Amino acid sequence: MNASIRLLLTAAAALLTACAAPAPPRVLLTLPSAVPIDAPAAAPVPASAPLLVVRRVNLPEYLVSRRVRYRADPSTLAEWPNTYWAERMEIGVSREFIAALQQQLPGWALCVEHCGDGQAALVLGLDLVPMDFVRSARQLQARAHLTLSSPGPAPRVLQTQERPYTVAAQADGPQGQAQAVTELIRQVAQAAGAMVRASRP
């Protein structure tokens, strides 16, 4: 067998070995619950409770993806390998924000976007822009902009609040990033709850 044939067979064997190697498993990441496990069960909301419409949380466009992205440096985004959000991030963040907000507003009824026949008392919007997990600092850095408005076709802005948040992650990795996002949601929900209670008509 000449050298060229031997080389060709060796290359083919290496290629077959590489193809046979199993692909690393995909990791589906979910946000931890924003409501502590030991939190008391919410009491039933009476029919006379004021209704708060909560808009879907607005996130940076570069995070609206199934890929779990972090800030590698001020101008570069990177992705955790083989890791995906189990649902679109803005859906998970909105759901957990409403759950945490309900804990802050036990006397209110909350609904997302469209509330059927209920007459809303207030409308709450939240923008989390930016919202970057800075891996080198192991921190989630965000700016929350809350807007409380009157309902109806011509809403009137009643109150706004904007402030930065920095949340330390417990670990370097996608799970640490998810935990930091949930902690951010809890902190913003506390601020939003206080704003709603102060603006109750």
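Guide: A nonpolar core is a set of buried Ala, Val, Leu, Ile, Met, Phe, Trp, Tyr and Cys residues joined through side-chain atoms within 4.5 Å; buried means under 20% relative accessible area, exposed over 50%, and partly exposed in between (1.4 Å probe, protein chains only). This is a predicted model, in which local features need pLDDT of at least 70, side-chain atom pairs count only at pLDDT 80 or more, and totals for chains, interfaces and linings use all residues. Side-chain values use heavy atoms, with hydrogens and water left out, and residues are numbered from 1 along each chain as its sequence is written.

The largest nonpolar core has 47 residues, and Leu 52, Phe 97 and Leu 128 have the most contacts inside it. Elements giving two or more residues to this core include strand 2 (51-54), helix 2 (89-104), strand 6 (120-134) and helix 3; helices (H or I, at least four residues) and strands (E, at least two) are DSSP runs, numbered from the N terminus. Helix 3 gives the most, with eleven residues.

Leaving aside residues up to four places away in sequence, Leu 52 touches, among others, Leu 101, Trp 108, Leu 122, Leu 148 and Val 196, where contact means heavy atoms within 4.5 Å. A second, separate core of five residues includes Val 53, Cys 111, Ala 120 and Val 123.

As for confidence, pLDDT is the predictor's confidence in each residue, from 0 to 100. The protein has a mean of 87, and 83% of its residues reach 70 or more. Strand 7 (residues 139-149) is highest at 98, whereas helix 1 (residues 3-20) is lowest at a mean of 53. Where pLDDT is low, the predicted coordinates should not be read in detail.
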